[in-house]
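Welcome! Here is a friendly walk through a structure that may be new to you. Please keep the view open as you read.

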Amino acid sequence: MGLRRRQRITGLVIAATLLGPALWLGLGLIPPPLLVNRGDTSYAVTDRNGNLLRLSLSSDEKYRLWTPLAELPEALQEATLHYEDRWFYRHPGVNPVALARAAWTSFAAHGRWMGASTLTMQLARQRWRLRTGTLSGKLRQIGYALWLERHFSKQELLEAYLNLAPYGANIEGAGAAAWVYFRKSAGQLNNDEARALALIPQNPARRSPFTAHGKRALQQAWRTVYGDDPGFGRLWFRRREDLPLRAPHFAERLHELFYGASTLHSTLDPTAQGLTEDLLRSFIRQHRAQGIVNAAAMVIHAPTMEVLAYVGSADYLDRGIRGYVNGLKARRSPGSTLKPFIYALAIDQGLITPDTLLKDTPLWVGDYQPENFERNFYGPLSATDALVRSRNIPAIALMDRLQRPTLFQFLQRAGLRLPADEARYGLTLAMGGAEVSMEELLGLYGLLANGGEWRSPSWLGNPREQKSAPKASLLLSAEAAFLVREMLEANPPPQRSFGVRSFGRGRPVAWKTGTSSGLKDAWAVGLAGDLLAGVWLGNFDGTPNRHLVGRELAGPLLFGILEAIGLERPATQPRPLPPEALKRVEICPVSGALRSPWCPHGRTGWIIPGVSPLRPCTVHRQIHADPASGLRLCRGDEGRGEPRVAEFWDGDELELFRLAGVRRNLPPPFERPCEDPAGSDAGTQPPRILSPRPGVSYPVGAANNKLIEFSAVASGGRHRLFWFVDDVYVGEGGTLGWTGKAGDHLVRVVDEQGQSASATLLAVPAQ
């Protein structure tokens with residue numbers, strides 16, 4: 001390059017420097033640029049102890065983690081400024097003296113620009129990806145640097161530089177470099193680590209400590225800057241390939257929930273997470289021969305609702321089972337796991353107590369005839385037994401009686417996103433008719449641990465980092481929550497075990513299982529001490545499997561998880577005491593109602609005064625019978641008889657007792673027809689017709705071989721029922737079949753004491 005050309009270029013640089021004030025004023029008229037694109041950065045997730053779970057890559061495959069200046073150690077800031085730009089706080093983005101000196105030196109080096117870049121100029125080069133080895137590139141860098149200085153404070157510029165500076169390979173920013181090289185946040189760096197990082201950006205390709213050559217180059221720079229300081233020998237640089245990928249579903253879930261946050265300090269407990277992962281893998285290995293290939297589990301500290309363990313699939317990296325899918329946020333049919341909340345609502349609405357007798361007998365609700373999972377019936381049983389045995393009929397009958405809120409309204413208040421309206425689901429909600437996620441399900445079961453108060457799950461260790469979540473709201477009374485938890489604690493542990501066989505016998509476990517229709521999902525949810533856990537087993541593609549039964553398959557795994565974590569993490573809070581509003585009263589264990597003078601035995605049970613139904617036992621009643629014949633006497637004839645106590649059951653219940661071979665102390669037949677049958681025994685009701693049902697058309701004729709079913713329930717110990725169609729006698733019994741003929745008919749049933757009920761039958765010719 002000729003002397004004249006060098007003088008001309010040098011003059012341009014000096015002129016540009018001297019015209020700086022005018023340029024400075026002009027740049028103030030231009031809108032400020034975007035300093036840092038924080039939408040395309042990495043995110044880091046740590047467990048509750050601060051250990052790194054995952055550091056993600058940005059969309060351009062860089063480790064670039066936004067870290068506020070306040071979280072970057074002073075040692076790093078001071079070392080960076082000392083090494084890169086000692087005059088940073090005194091120049092306007094360009095150092096005129098250094099720039100002029102560098103211009104002359106650079107031209108002597110065959111026209112390539114060398115040095116003189118301030119920290120702001122380096123930020124401009126990194127921000128706009130400038131090529132600054134030419135005059136035009138250097139002038140653009142100077143212009144951008146002045147523009148940045150015109151609109152941003154020195155603190156903002158230093159923060160941006162430390163977040164964009166190259167730290168070797170694909171690492172940008174001190175925040176990402178701290179995690180990659182030292183497996184700690186930038187704020188946790190010691191002085192030696194901070195000073196070492198400050199040396200890398202000046203020559204990142206050569207000084208990256210991933211290789212022995214790079215580490216030697218970095219050590220040489222250390223000696224040049226820090227002399228014989230022995231701190232470099234105390235450093236332990238980690239490999240990029242060894243970055244952890246722990247709890248991957250959890251890390252991705254936090255990124256979804258708190259999108260835009262760079263570092264997420266979570267509530268995840270590494271011990272609970274590790275135990276849960278190990279148990280899921282072991283369980284799948286043991287059951288793979290049965291076609292069980294996938295599972296998901298979640299554990300929560302119930303009092304705080306902090307997420308302790310979160311395993312979205314059996315193996316995140318197994319594409320054969322779609323392990324990358326997060327089964328804990330997937331919405332699937334929960335089977336019977338929503339039933340406890342039917343009972344809780346029924347308790348709050350004064351329909352039942354835990355001891356109330358419910359019917360598990362054939363049921364028609366409109367055109368809908370629900371069935372139990374085992375396709376059998378137990379007859380009368382307490383609400384607690386009905387819930388523990390997960391009987392469909394009592395739950396559906398209760399759900400049909402719920403007022404405001406209904407189960408659908410309750411689920412909506414708890415934040416469940418149900419895509420259809422209430423009429424679409426109907427009574428199938430009791431058996432898993434609406435799809436929910438495990439996250440939502442555990443949120444509901446948290447009500448039973450927290451006095452009926454709904455709280456959103458807590459994901460982050462610092463509450464201030466949480467997004468604004470719905471405030472805690474009371475969805476159940478504390479009394480109903482306590483009683484349902486106690487009812488679920490009556491559920492015996494599964495017969496099969498996965499872990500220590502005695503677990504669940506030393507401390508109460510309130511748990512419930514669910515099996516989806518078609519055997520596609522097996523669920524189990526349990527509350528033990530202050531641990532709340534949920535387990536799902538199935539296939540993400542919905543493939544059914546006859547082994548996918550909640551109690552048989554998911555139950556043992558649930559108990560294994562509660563056992564393992566409970567041993568390592570003992571409960572820190574005592575089991576909740578009964579709410580003060582609850583009161584114990586004496587009940588009849590046979591009927592579940594208040595004990596009457598004729599109940600042979602009694603025991604205590606819970607009620608909510610002013611809410612619970614307080615009816616005396618009507619199963620045990622006093623009758624009078626003739627001493628000689630043993631037959632029952634009508635009202636008015638009691639004087640010649642002797643008092644006895646008999647049990648009064650409805651006809652459908654008696655039939656189930658008979659089929660089960662259970663003998664009951666039934667009242668004997670009447671000696672004669674009573675003139676006042678309704679008054680002969682208090683509480684006696686006329687028969688109730690179950691079939692035929694109003695509004696239903698029944699096909700009859702040669703093309704239809706099925707009989708029309710007549711079915712009725714008799715009460716008050718009536719043993720015999722007589723059926724009439726259009727006043728023509730057609731048969732006797734609680735249930736019978738009628739061949740029928742087309743047309744409108746009046747069906748009437750009469751019990752042995754003359755009480756009757758009627759229904760309209762519409763019979764149409766079979767197609």
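Before we start, one term: contact means heavy atoms within 4.5 Å. Please also keep in mind that this is a predicted model.

## Helix α12 and what covers it

Let us begin with helix α12, which spans residues 248–257. Its buried residues are Pro-248, His-249, Phe-250, Ala-251, Arg-253 and Leu-254. What lies over them? The cover for the buried residues of α12 includes the strands β1 (44–46), β2 (52–55), β5 (263–265) and β7 (306–311), together with helix α19.

## A buried arginine

Arg-253 belongs to helix α12 and deserves a look of its own. Is Arg-253 buried or exposed? With a relative accessible area of 15%, Arg-253 counts as buried, because the cut-off for buried is under 20%.

The side chain of Arg-253 has a partner: a polar contact of 2.9 Å links it to the side chain of Glu-439. If we set aside neighbours within four places in sequence, Arg-253 is in contact with Tyr-310, Asn-326, Lys-329, Glu-439 and Trp-459.

## The nonpolar cores

The largest nonpolar core has 83 residues, and the members that touch the most others are Phe-250, Tyr-343, Phe-410 and Leu-444. Helix α19 (residues 438–449) gives this core its largest share, eight residues. Another core lies apart from it, with 57 residues, including Leu-69, Ala-176, Leu-189 and Ala-221.

Which residues does Phe-410 contact, leaving aside its neighbours within four places in sequence? They are Phe-341, Leu-345, Pro-405, Leu-444, Leu-447, Leu-475 and Leu-476.

## Two pairs of packed helices

Now find helix α14 (residues 339–348) and helix α20 (residues 478–489), which pack at about 135 degrees with their axes 9 Å apart. That angle makes α14 oblique to α20. The crossing of α14 and α20 is right-handed. On the α14 side, the contact is made by Pro-340, Tyr-343, Ala-344, Ile-347 and Asp-348, and on the α20 side by Ala-480, Leu-483, Val-484, Met-487 and Leu-488. A helix rule is handy when you look at such lists: an α-helix has 3.6 residues a turn, so residues three or four places apart point the same way.

The other pair is helix α5 (residues 119–128) with helix α7 (residues 154–164), where the angle is about 50 degrees and the axes are 10 Å apart. These helices, α5 and α7, are therefore oblique to each other, and their crossing is left-handed. From α5, the residues Leu-119, Thr-120, Gln-122, Leu-123, Gln-126 and Arg-127 meet Leu-157, Leu-158, Ala-160, Tyr-161 and Leu-164 of α7.

Leu-577 sits in the loop between α21 (550–568) and β15 (583–587). Its relative accessibility is 70%, so Leu-577 counts as exposed. Leu-577 and Phe-482 are 95 residues apart in sequence, while their C-alpha atoms are 8.4 Å apart in space.

For the last stop, look at the loop between β8 (357–360) and β9 (379–382), where Phe-377 lies. Phe-377 has a relative accessible area of 29%, which means that it is partly exposed. From Phe-377 to Ala-660 there are 283 residues in sequence, and 9.9 Å in space from C-alpha to C-alpha.

Conventions:
Residues are numbered from 1 along each chain as its sequence is written. This is a predicted model: local features need pLDDT of at least 70, side-chain atom pairs count only at pLDDT 80 or more; totals for chains, interfaces and linings use all residues. Side-chain values use heavy atoms; hydrogens and water are left out. A nonpolar core is a set of buried Ala, Val, Leu, Ile, Met, Phe, Trp, Tyr and Cys residues joined through side-chain atoms within 4.5 Å. Buried means under 20% relative accessible area, exposed over 50%, partly exposed in between (1.4 Å probe, protein chains only). Helices (H or I, at least four residues) and strands (E, at least two) are DSSP runs, numbered from the N terminus. A polar contact is a pair of N or O atoms within 3.5 Å; within protein, one must be able to donate a hydrogen and the other to accept it, and residues adjacent in sequence count only if both atoms are side-chain atoms. Axes are lines fitted to C-alpha atoms, for helices over the stretch in contact, and angles run from 0 to 180 degrees between N-to-C directions. Angles under 35 degrees count as roughly parallel, over 145 as roughly antiparallel, 65 to 115 as roughly perpendicular and the rest as oblique. A crossing is left-handed if the near helix is turned anticlockwise from the far one by less than a right angle, and right-handed if clockwise.
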